Amino acid sequence: MQAGNLLSFIPYILPDELFEEIVSTKNVRIERIISKGHASPEGFWYDQEENEWVMLVKGEAALQIEGQEERIILQEGMYFTIPAHLKHRVEWTKEGTETIWLAVFY
């Protein structure tokens, strides 16, 4: 058994996004991701082999889907499903505070 808290042990200084695996099996991987004003590099698009379900636990962020003009703005408690190979990027995360993501890859 394992217990934890998604809102604990957050580094004060985050030069890069922090990716922490919470649990992993053959078919599912769950990660906590911590951002603080981070975004995907200019021109970079994620193109993942797996489906991803992501929830914003804390903070705010914007996702950009390739070929769509409108950004998806996520606030605390909101979630979004990203099908495998849907090219996307993190346009921005809120400056000055942590944005905590819960990501489920399947």
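This is a predicted model: local features need pLDDT of at least 70, side-chain atom pairs count only at pLDDT 80 or more; totals for chains, interfaces and linings use all residues.

Biologist: In what order do the three strands of the open sheet lie?
Modeller: The edge strands, each pairing on one side only, are β5 (72–75) and β7 (88–93). The pairing is antiparallel, and the twist averages 25° from one strand to the next. The order is β5-β4-β7.

Biologist: Which residue of β7 is the bridge partner of Leu63?
Modeller: Strand β4 covers residues 60–65 and pairs with β7 in the antiparallel sense over five bridges. In β7, the partner of Leu63 is Val90.

Biologist: Is Phe9 buried or exposed?
Modeller: Phe9 lies in the segment before β1 (18–24). Its phi is near 55°, a positive value in a residue other than glycine. Most residues other than glycine have a negative phi. The relative accessibility of Phe9 is 78%, and the cut-off for this class is over 50%, so Phe9 counts as exposed.

Biologist: Where is His85 placed?
Modeller: His85 is not a glycine, yet it has a positive phi of about 70°. Its place is in the loop between β6 (79–82) and β7.

Biologist: Which accessibility class does His85 fall into?
Modeller: Buried means under 20% relative accessible area and exposed means over 50%, with partly exposed in between. The relative accessibility of His85 is 44%, so His85 counts as partly exposed.

Key: Residues are numbered from 1 along each chain as its sequence is written. Side-chain values use heavy atoms; hydrogens and water are left out. Two strands pair if DSSP finds at least two bridges between them. Helices (H or I, at least four residues) and strands (E, at least two) are DSSP runs, numbered from the N terminus. Axes are lines fitted to C-alpha atoms, for helices over the stretch in contact, and angles run from 0 to 180 degrees between N-to-C directions. Buried means under 20% relative accessible area, exposed over 50%, partly exposed in between (1.4 Å probe, protein chains only).
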